[in-house]
Amino acid sequence: MSAIDDLPPLREVIARHGLMAKKQLGQNFLLDLNLTSRIARASGPLEGVTVLEVGPGPGGLTRALLANGAARVVAIERDPRCLPALAEIAAHYPGRLEVIEGDALEVDAAAMLGQGPARIVANLPYNVATPLLTGWLTTEAWPPWFQSLTLMFQKEVAQRIVAPPGSDPYGRLGVLCGWRTEAKIAFDVGPSAFVPPPKVTSSVVHLVPRADPLPAKVKTMERLTAAAFGQRRKMIRQSLKGFVRDPLPLIEAAGLDPTERAENLTIAEFAMLARLADRTTGQE
Ligand code: SAM
């Protein structure tokens with residue numbers, strides 16, 4: 001029995017179901033239910049909330065979410081070997097855990113959740129962590145269907161998510177996250193917490209969607225930041241040629257210095273450039 005529920009310890013679950021970690025699936029399991037409970041608590045109040053979890057694996061975080069009061073967990077897992085272990089958790093919490101076997105990059109998660117408050121909580125597989133986050137943050141409808149995202153990343157990615165303008169890790173990811181959410185690093189998790197241990201430190205990041213982000217079209221912001229940071233050391237009068245044919249009028253209309261570099265532009269300045277570009281091309 002474990003400290004948080006009457007289910008067996010995770011080490012035993014993994015041994016009984018033969019869940020040897022597979023590197024290609026980004027499998028680094030958390031076995032300490034106190035730590036998974038800490039992640040669950042970092043996501044905010046869970047009473048009455050449906051949680052979307054990506055990659056439950058043997059279910060350490062899933063159990064913590066349920067033990068900490070989530071009304072329902074919908075979990076998407078790609079590895080069929082994990083399903084029997086997850087079925088045991090579902091039996092322990094009748095009607096509260098639904099496991100979908102599939103690739104989280106393909107499954108339309110929002111459609112699975114139904115009405116009511118929802119949060120996303122996951123110890124993400126590192127190979128798909130950034131595309132999943134960008135997918136959630138680039139939905140057209142905003143505010144989105146989820147109240148928060150609480151996600152484990154490699155620390156280096158977490159630093160890019162929360163990076164302020166002018167800092168080394170500031171780039172496309174920082175602009176997107178800072179524009180649409182308030183993001184903070186909740187805490188770091190050392191390699192020894194995982195089985196097998198990854199090479200680097202990880203961080204749990206908590207992102208809360210802004211109710212009212214600065215107006216701009218998400219597609220335009222994506223194109224603009226791709227051009228700007230695709231050549232981050234170049235001046236914007238040069239790098240933004242990948243965004244509009246002649247960037248100078250746009251840069252001047254925004255009141256910016258054409259010799260500035262992308263890494264020094266604020267999120268408000270990116271949003272303004274995106275808005276002005278859409279206005280001049282008649283897309284607004
Ligand atoms: N949540 C568990 C924990 O904390 O111990 C496992 C986390 S492990 C880092 C990542 C999990 O994501 C693995 O169970 C892996 O099989 C699963 N996974 C990998 N790629 C996936 C994908 N594209 N869609 C859904 N699950 C995936």
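Guide: Welcome! Let's start at the ligand of this predicted model: its shell is made up of 12 nonpolar, 7 polar and 4 charged residues.

Visitor: Which residues of the shell come nearest to the ligand?

Guide: Gly55, Gly57, Ala104, Asn123 and Pro125 do, out of 23 residues around the ligand.

Visitor: And which helices and strands each supply at least two residues of that shell?

Guide: Those are β1 (29-30), α3 (60-67) and β3 (72-77).

Visitor: Into which domains is the chain divided?

Guide: Domain 1 covers 10-209 and domain 2 covers 218-280. Their centres, taken over C-alpha atoms, are 33 Å apart. Domain 1 brings 11 residues to the contact, and domain 2 brings 14. On the side of domain 1 that touches domain 2, there are 5 nonpolar, 4 polar and 2 charged residues.

Visitor: How does the radius of gyration of the chain relate to that of a compact globule?

Guide: The two agree, because a compact globule with 284 residues would have a radius of gyration near 19 Å, and the chain has 21 Å. Along the principal axes, the C-alpha atoms fill a box of roughly 65 × 40 × 30 Å.

Visitor: What percentage of the residues is buried?

Guide: Buried residues account for 42% of the 284 in the chain.

Conventions:
Residues are numbered from 1 along each chain as its sequence is written. This is a predicted model: local features need pLDDT of at least 70, side-chain atom pairs count only at pLDDT 80 or more; totals for chains, interfaces and linings use all residues. A residue is near a molecule or strand if its C-beta atom, placed from the backbone, lies within 6 Å of it. Helices (H or I, at least four residues) and strands (E, at least two) are DSSP runs, numbered from the N terminus. Ala, Val, Leu, Ile, Met, Phe, Trp, Tyr, Cys and Pro count as nonpolar, Asp, Glu, Lys and Arg as charged, and the others, Gly among them, as polar. Domain bounds come from an automatic or database domain assignment. Two residues are in contact if their C-beta atoms, placed from the backbone, lie within 7 Å. The radius of gyration is taken over C-alpha atoms; the globule rule is 2.2 Å times the number of residues to the power 0.38. A residue is buried if 20 or more other C-beta atoms lie within 10 Å of its own, exposed if 12 or fewer, and partly exposed in between; C-beta atoms are placed from the backbone.
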